[in-house]
Amino acid sequence: MQAVRRCSACAKRAAGGLVQNQEVSLLQRRGAACIHYLSTSEKRRSGVQKPGEMTNPTHISLASLSVGHGLWQVEDLSHNSLIRRAASVLTDSSSSFLSQATLALTDALTDYSKAVHSRIIFQKRYLASVGKMSPSEEESLQRAISGWRSEAAERLNECKHYDSTWIKAVNLSKMAAEAAYSSGAHQASILVQTNIQVAQSQVEEARKLSSEADKKLAETKVEEIQRMAEYSAFLEGSEEHEVHEAYLRED
């Protein structure tokens with residue numbers, strides 16, 4: 001009876017609009033407690049308990065009860081369920097590792113390609129101006145070429161370092177995908193396999209650009225050899241011509 005009176009008082013206070021939002025929430029919880037108390041008391045008086053309400057102690061260690069949206073929900077804590085969760089966490093971690101390694105490698109490859117192309121630009125400019133530059137201009141171009149050569153070498157070392165890390169990330173992700181699939185976390189396995197394919201595609205594109213830069217650099221080196229050979233031949237011809245003119249003047 002005391003619980004009934006308490007519920008009645010709560011209803012009156014809520015209907016009168018004399019409480020704030022926080023108090024309304026408190027009244028709702030008290031009302032729910034009152035209803036639960038009355039329901040429990042009625043069951044105790046009747047002495048009736050349904051078979052489905054019996055609690056099996058052996059199952060308590062395999063499940064925990066939690067309240068959500070006003071309903072009792074059972075959370076599966078079986079070994080298989082916990083293994084699937086752990087496998088999903090593993091795929092998430094391996095995907096994050098793969099993503100960071102892919103970003104580092106593609107950035108390094110892109111920077112290497114830019115450095116090589118910059119070197120090619122200054123090298124072509126130098127070859128086109130051989131014999132036409134002042135000493136200061138020639139020194140400036142040679143300094144720029146040397147600087148970009150060093151820059152490309154540093155970026156290439158970074159590419160080798162991150163490439164090794166990226167390969168490890170790919171292998172780890174593959175193992176995580178296999179573990180997830182075998183544990184029953186099929187969706188997580190499919191997701192990490194998709195991430196591997198995306199990463200491989202991005203790295204392949206970056207490597208293609210760096211390979212094209214290396215190819216153009218090799219062509220520029222061949223052009224440099226030919227141009228310098230022509231210029232040397234021109235200088236030798238000029239020297240012979242000057243010697244012949246000097247001999248004629250002496251005659």
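Here is a quick tour of a predicted model, from the whole chain down to one residue.

Some ground rules: residues are numbered from 1 along each chain as its sequence is written. Local features need pLDDT of at least 70 and side-chain atom pairs 80 or more, while totals for chains, interfaces and linings use all residues, and side-chain values use heavy atoms, leaving out hydrogens and water.

**The whole chain**

Along the sequence, the pattern reads α-α-α-β-β-α-α-α, giving six helices and two strands (DSSP runs, H or I of at least four residues for helices and E of at least two for strands, numbered from the N terminus).

| Chain property | Value |
|---|---|
| Buried share (under 20% relative accessible area) of the 251 residues | 23% |
| Share of contacts (heavy atoms within 4.5 Å) at separation 6 or more that join residues 24 or more positions apart | 72% |
| Carbon and sulfur share of the accessible surface (Shrake-Rupley, 1.4 Å probe) of about 18000 Å² | 56% |

**Two helices side by side**

Helix H4 covers residues 79-128 and helix H5 residues 135-183; their axes come within 6 Å and cross at roughly 160 degrees. The axes are lines fitted to C-alpha atoms over the stretch in contact, with angles from 0 to 180 degrees between N-to-C directions. So H4 is roughly antiparallel to H5 (the word applies to angles over 145 degrees).

**A look at Tyr112**

Tyr112 sits in helix H4. Is Tyr112 buried or exposed? Tyr112 is buried, because its relative accessible area is 8%. Leaving aside residues up to four places away in sequence, Tyr112 touches Ala152, Arg155, Leu156, Cys159, Ser210 and Asp214. Glu158 is 46 residues from Tyr112 along the chain, yet their C-alpha atoms are separated by 8.8 Å.

Terms used:
Angles under 35 degrees count as roughly parallel, over 145 as roughly antiparallel, 65 to 115 as roughly perpendicular and the rest as oblique. Buried means under 20% relative accessible area, exposed over 50%, partly exposed in between (1.4 Å probe, protein chains only).
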